[in-house]
Amino acid sequence: MPNFTKKAIKETFIKLLDERPLNQITVKDIVEDCGINRNSFYYHYADLPALLEEVVAEDLAEIMESHPTVASLEEGFDTVVESILRRKRAVLHIYNSLSRDVFQRYLMDVCQYVVATYVGSALEGREMSGEDRAVFIRYHKCACFGAVIDWLSGGMKDDITAFFRRIYQLKLGWEPVEREQN
């Protein structure tokens, strides 16, 4: 039954992350909610940071499995945003904790994956040096990462999907804003 116990621990941890900040979650909270003893928790995880790492890694694997192709950069960025919004409160609790670096590594990996996946399919059969491809991927990965971090820092209040859409409209061709005639 170890898989059942491990799954229960992860589900409880995610549920608690939706309810309160990471620094207010203890192993005791998890085991009491799961109805297991502390030894069962420590059989599966060395500590809470190890549990957090596994939950984040599984989210990344799930994104990669569910998005083997990415048709556009907009779709790729939507994928990143959707993964965050699925667990909005939990993400904010992790982001605003001392374990922010775990989330940031995950976010960078997700951004890298969606951009590289898009570039792999969009540039298939086209001439582009490996160096130029790497530059293109790095630029868009960092743009995605930076925009999402900025959005998180602002409490996820604005519509980041609309922001990404507008950025790509502007890249396609600037639409001047009409000025009022006096």
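The buried residues of helix 8 pack against helix 5 (73–85), helix 6, helix 7 and helix 9 (160–172). Helices here are DSSP runs (H or I, at least four residues), numbered from the N terminus. Contact means heavy atoms within 4.5 Å. The model is predicted: local features need pLDDT of at least 70, side-chain atom pairs count only at pLDDT 80 or more, and totals for chains, interfaces and linings use all residues. Residues are numbered from 1 along each chain as its sequence is written, and side-chain values use heavy atoms, with hydrogens and water left out.

Helix 8 spans residues 130–153. Its 24 residues reach 34 Å from first to last C-alpha, close to the 34 Å expected at 1.5 Å a residue. The expected span is 1.5 Å times one less than the number of residues. Buried positions in helix 8 are Ile137, His140, Lys141, Cys144, Phe145, Ala147, Val148, Ile149, Trp151 and Leu152. Buried means under 20% relative accessible area, exposed over 50%, and partly exposed in between (1.4 Å probe, protein chains only). Gly155 follows helix 8 and has a positive phi, near 80°.

Helix 6 (residues 88–95) packs on helix 7 (residues 100–122) at about 120°, with the axes 7 Å apart. Helix 6 is therefore oblique to helix 7. Axes are lines fitted to C-alpha atoms over the stretch in contact, and angles run from 0 to 180 degrees between N-to-C directions. Helix 6 contributes Val91, Ile94 and Tyr95 to the contact; helix 7 contributes Arg100, Phe103 and Gln104. By class, this contact has four nonpolar, one polar and one charged residues.

Thr79 lies in helix 5. At 3% relative accessibility, Thr79 counts as buried. Beyond four places in sequence, Thr79 touches Ile63, His67 and Val114.

In helix 2 (residues 27–34), the buried residues are Val27, Ile30 and Val31. Seen down the helix axis, they fall within an arc of 90°, so they line one face of helix 2. The arc is taken from the directions from the axis to the C-beta atoms. Ile36 sits in the loop between helix 2 and helix 3 (38–44). Ile36 is partly exposed, at 23% relative accessibility. Its contacts, not counting residues up to four places away in sequence, are Thr5, Ile9, Val31 and Phe41. The C-alpha atoms of Ile36 and Thr5 are separated by 8.1 Å, at 31 residues apart along the chain.

Technical notes. Helices (H or I, at least four residues) and strands (E, at least two) are DSSP runs, numbered from the N terminus. Angles under 35 degrees count as roughly parallel, over 145 as roughly antiparallel, 65 to 115 as roughly perpendicular and the rest as oblique. Ala, Val, Leu, Ile, Met, Phe, Trp, Tyr, Cys and Pro count as nonpolar, Asp, Glu, Lys and Arg as charged, and the others, Gly among them, as polar.
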